[in-house]
Amino acid sequence: MVPRVISSLVSFVSLLETFFIERRIQMNEREQVIKALQPALTDLSMNEIADKIERPKDSNNGDYAFPTFFLAKTLHKAPQIIAQELLAKIDQTGFEKVVVAGPYINFFLDKQVVGENILKTILADPENYGSQDLGHLANVAIDLSSPNIAKPMGMGHLRSTVIGNAIANILAKVGYNPIRINHLGDWGTQFGKLMAAYEMWGNEEEVQQDPINTLQKYYVKINTEADTHPEYNDLGREWFKNLENGDPEAYRLWKWFRAESLKRFMKIYRLLDIDFDSYNGEAFYNDKMAEIDQLLQDKHLLQESKGAQIVDLEKYNLNPALIKKSDGSSLYITRDLSAALFRKRMYGFAQALYVVGAEQRNHFDQLKAVFSEMGFTWSKQIHYIPFGLMSLNGKKMSTRKGNIVQLEDVLNDSIKLARQQIAEKNPELQNADEVARQVGVGAVIFHDLKNERTNSIDFKLADVVKFEGETGPYVQYAHARAESILRKAGTPDFAQAESLALSGDEAWGILTRLGQYGEVIERAANEYDPSLVGKYALALAKDFNQYYAHTRILVDDDEKMARLALVKAVSEVLKSSLALLGVKAPDEM
RNA sequence: GGGAGGAUAGCUCAACUGGAUAGAGCAUCGGUCUUCUAAACCGAAGGUUGUGGGUUCGAUUCCCACUCUUCUCACCA
């Protein structure tokens, strides 16, 4: 027993060594191409060459390509000729081949060497494959989810929640310290309206039975009736003013509604498996807004207009920011200003992100403009991350009009469907309920993340709970198949293998894809775009499913270990990319 | 009317940020389970990239105009 442990330790250490040496080579395949080109292009700097190198869409054109069009003008020759002439001066050692294809020079990497390096790199430390240190552990405050109290959480809030969470995961992967802040919508005139409605028509017992839906009902009622009774709007404002002034009855109602709502939200967050570092909502800033008011006054930024206090933003080409209503009560932006200031002091963030729907663009433009008027240079660290609206039957979802789809219902439908599929396809599965939850929830999350953030989505249940094609379950399934093979192989010890090189071309697509993981994550982090990771996971799952369908893995030959290493690497990277999106990867399904 | 997004296959979306024959998934039609999980794989069909100009060796991508569409434009959030 002991010698075995020692020997595997030793081989692990040697694997680690090769990891550090070979990681460098692997990271620098592009650089290898640049170096090969340099002797042929002495007039150009490394960066200039690097800018021109591209990756061909079609693998028949190699792994990297160098187009020569841009040289035609200065050299007064046809690009095709230039390519031919350059080829003669290129150092081809280390490549499988370098060929000219019209105006392009195509580089083919040494598949066995590069492929083996990639596999070794991943297997040496699967958890950290793709990790980077771009952030040096700087804090990033992320405002996400932020549902409104006393309203059911709709599909719209799902977007903020899962996009924000995925961005937080991705930023953590590249070395930042994300701080997830759930800026609950627990303040504002809407609350006043709810209280007014409760006072008029409310029934304590009815609320106790089903808090959210009942409160929602009152809220819809007062909004509907306000069309014919405009005085209800004034009543709402009055109740909100009472709340801000500390009226005991208003405060009692507020506290009660908030507690009931939070209970319900937590259920959903547990299902999604998302935690927050702070639940400080708008109400939290009630006693902190005076400072903003004072600062604005000190800097002579406040102006009176129609009895209200505003900051003029004409030079930003924005409409004025309304800081204080004519009755003296606060507004959304007032609370957001003090929230941002609080976060800057509390966390010393390097960036502050706001994952909020695209319809609020104007609000965040104003927010940043007011801060820059105040002379806070860190307003540049505030990044608004809008996402497209979710509509229902082509119409905007509106809590006021009751035209919403409840997230909880969708999640439950999806889980139920997953459970049915398991009963059909894999009735022997042990922890079927748990897996159904992972698959059902995974489908919903993935559906929301696979496309570009800013696309607007018209909600269709059938699309969300689809498990075939480009979906979360498709990726989970590829992962489960890979794990199944590894179980059958008896969890092989790759450290013992002499070679993980694969001859033949079948696996090359997978290997290059695996090698791109780090770049994809980096780009996703820079662009705050989880869909890049989602698309990557789909592509890798597809590569693997194709390989799986055409290649027998568990046959005893010289390359069995190498194939298994490939399967293991795919499994790890699929699991890792799903994890970044907040989706689980069950080993069986 | 001002501002900001968007328009690519019947539908939902991609396209490495200006490169090689614009690609996937659904849906449709056809094929593949006594072999590692068919939630899979293979094939067929599907396009004047909203319209018109411009820049460029080269445009879905950049610029201009227009059409359509979504959001937004002070006492909601």
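Predicted model: local features only at pLDDT ≥ 70, side-chain atom pairs only at ≥ 80, totals over all residues.

Colleague: Why is Ser-145 called buried?

Modeller: Buried means under 20% relative accessible area, and Ser-145 has 2% relative accessibility, so Ser-145 counts as buried. Ser-145 lies in the loop between β4 (139–143) and α7 (155–173).

Colleague: What makes the approach of the side chains of Ser-145 and Tyr-269 a polar contact?

Modeller: The cut-off for a pair of N or O atoms is within 3.5 Å, and the side chains of Ser-145 and Tyr-269 are joined at 2.6 Å. A further polar contact, of 2.8 Å, joins the side chains of Ser-145 and Thr-161.

Colleague: Why is the pair of Phe-349 and Trp-378 called edge-to-face?

Modeller: Ring centres must lie within 6.5 Å to pair, and planes over 60 degrees apart count as edge-to-face; the rings of Phe-349 and Trp-378 have centres 5.9 Å apart and planes at 80 degrees, so the pair is edge-to-face. This pair links distant parts of the chain, with Phe-349 and Trp-378 29 residues apart.

Colleague: How do you know that the charged end of Lys-221 sits over the ring of Trp-201?

Modeller: The distance limit is within 6 Å of the ring centre, alongside a limit of within 35 degrees of the ring normal, and the charged end of Lys-221, which sits over the ring of Trp-201, is 4.6 Å from its centre.

Methods: Residues numbered from 1 in each chain as written. Chains lettered and ligands numbered in written order. Heavy atoms only, no water. Helix = DSSP H or I, 4+ residues; strand = E, 2+ residues; numbered from the N terminus. Buried < 20%, exposed > 50% of the residue type's maximum accessible area, 1.4 Å probe, protein only. Polar contact = N/O pair within 3.5 Å; in protein donor to acceptor, adjacent residues only side chain to side chain. Phe/Tyr/Trp six-rings, centres within 6.5 Å; stacked < 30°, edge-to-face > 60°.
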